Amino acid sequence: MNDTSIELLLVEDEDDFRETCARWMERKGHRVTAVSNGAEALGLCESRSFQVAVFDMNMPGMSGIELLQRVQQAGFDMEVIILTGQGTIESAVSAMKMGACDYLTKPCSLGDLEHHCMLARTRGELRRENVQLKAVISRSRPKLPLVGESGSMRAVARMIEKVAPTDRPVLVQGASGTGKEVVAREIQQRSPLRDKPFVTINCAALPEQLVESELFGHQKGSFTGATAEKPGLFEIADGGTLFIDEIGELPLTLQPKLLRVLEDGSMRRIGSAKERMVHVRIIAATNRDLAAEVEKGNFREDLFYRINVLPLQLPLLSEREGDIDRLIEHYLPKPWIVEPDVRAVLNQYPWPGNIRQLINVIQRATILAEGTRITINDLPPEIVNSVRNDLTLRSTRTVVDQPGELKGLGTNTFQANPLPANTTSTRTTASTASPDGGAATLDDIAKAHVLDVLASENGNKARAARRLGIHRRKLYRLLERFQESDVVEDSRDESNV
Ligand SMILES: Nc1ncnc2c1ncn2[C@@H]1O[C@H](COP(=O)(O)OP(=O)(O)OP(=O)(O)O)[C@@H](O)[C@H]1O
């Protein structure tokens, strides 16, 4: 068989026509199986696969339509062409509504028959390719876990269930690191659009001039650097969901354009007069108080009302009772363990940087610790000190016999015995070892340092970027890179299961 040949099933009760067609198609290099009735055809389909099938409409016993129905019920994957006489075109049309891909009226030329079979084969290939690509995309899309059984997270889960089935905009609000993107993805996964595109843009991570071209696309030559035509994310997400992260950072000049597409689905690429229509579900997120931004004149009131149709407020990590332990279990790689006093500190700390900060602290500790046990010395000292300073002395068994080291905390009570002001972590990043015991790479050390600074700034990225001496957007890119490498590691873990 060559690349253009078709695996064809021909079902026709007129012997002459069937044999002529079969001979002609075989001479053209196709593999033809020709039978005279539906029952025989169904039997063959059980044991063999065909790319294209041609069914005569009028056959004694089982008609072409009935055969089509049976083929579909059985789930045989092939493209079906219906052959019909002049008087039965209407029923051929209804056969197409039932899933036939084409019809031909008899008498037809053999050249036409082959041409239609080739088109059907291409259609089948495209259909299968589409299914495969969707599967590949959904596999490569990171699965973000939504861990949480606390009362406040159960309320969030109930809200997600309510908002997911509609196509109305959702505004996810919450402090940095509370999981706004995770929730956005969960909504999309539970919506009827789960198999459609999920496209994201972070308005804070892009230079202002780029946000418009990313969202709406541009024509070639519409500005310096626009060397080719480019569709915007609205067009790419058409039929699916667009997640606009940090919408509070959307430049005021762009807000009317977003409002318009939300109102009537119309938009124009930069530099183009052509109006395009898109149908996109918007999920927006912000860690700002958008109502206050409206008051200050930084955010358009009409746009605020448009996106604030279904508001969803995420609780702080400190408001999720019991979830810290669940998150530790989830994010701690196997076979790592945390000592009980570490668990106590992590449960007492207020986590201003929320889940992102907790994950960073766990990751940092697995880089700094020796072996696979996290001790109090592997936590950032400012976290340990902050908890110490906050707690009342209540433990009876606590012994603090060395500065910077806590012992005997077998229960979750914690001895607050302030460390000397100059106490720092007992290890420095310069002497780190990787979790597998080898030398830490430069990337590991850079990552630990960035996460450290971010944690010590309580998750505040603007302040952390200032302290690191880099632009905030650069910090965003670094964090995204760390997250991507974590996703790769996660998926490796999963593939080992
Ligand atoms: N409920 C959760 N269960 C498990 N992991 C979570 C949960 N919520 C958030 N995370 C993780 O915490 C990190 C931060 O989450 P996410 O990016 O969704 O937060 P965010 O609120 O969008 O933060 P920012 O406002 O800073 O962009 C991610 O690594 C995410 O996978």
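## Packing of H2 against H3

In this predicted model, helix H2, which spans residues 38-47, packs with helix H3, residues 64-74, at an angle of about 20°, and the two axes are 10 Å apart. Because angles under 35 degrees count as roughly parallel, H2 is described as roughly parallel to H3, and the crossing of the two helices is right-handed.

On the H2 side the contact is made by Gly38, Ala41, Leu42 and Cys45, which meet Glu66, Leu67, Arg70 and Val71 of H3. By class, the residues of this contact divide into five nonpolar, one polar and two charged.

## Packing of H6 against H7

Helix H6 (residues 151-163) and helix H7 (residues 180-189) pack at an angle of about 45°, their axes lying 9 Å apart, and these two helices are therefore oblique to each other. The crossing in which H6 passes H7 is right-handed.

Here Val156, Ile160 and Val163 of H6 meet Val183, Glu186 and Ile187 of H7, a contact whose residues comprise five nonpolar, no polar and one charged.

## The shell around the ligand

The ligand is surrounded by 20 residues, of which Val147, Ser176, Gly179, Lys180 and Glu181 are the closest. Two or more residues of this shell come from each of the elements H7 and helix H15, the latter covering 354-368. The shell as a whole holds eight nonpolar, eight polar and four charged residues.

At the level of domains, residues of the shell are contributed both by domain 2 (151-315) and by domain 3 (318-496), so the ligand lies between these two domains.

Terms used. Residues are numbered from 1 along each chain as its sequence is written. This is a predicted model: local features need pLDDT of at least 70, side-chain atom pairs count only at pLDDT 80 or more; totals for chains, interfaces and linings use all residues. Axes are lines fitted to C-alpha atoms, for helices over the stretch in contact, and angles run from 0 to 180 degrees between N-to-C directions. Helices (H or I, at least four residues) and strands (E, at least two) are DSSP runs, numbered from the N terminus. Angles under 35 degrees count as roughly parallel, over 145 as roughly antiparallel, 65 to 115 as roughly perpendicular and the rest as oblique. A crossing is left-handed if the near helix is turned anticlockwise from the far one by less than a right angle, and right-handed if clockwise. Two residues are in contact if their C-beta atoms, placed from the backbone, lie within 7 Å. Ala, Val, Leu, Ile, Met, Phe, Trp, Tyr, Cys and Pro count as nonpolar, Asp, Glu, Lys and Arg as charged, and the others, Gly among them, as polar. A residue is near a molecule or strand if its C-beta atom, placed from the backbone, lies within 6 Å of it. Domain bounds come from an automatic or database domain assignment.
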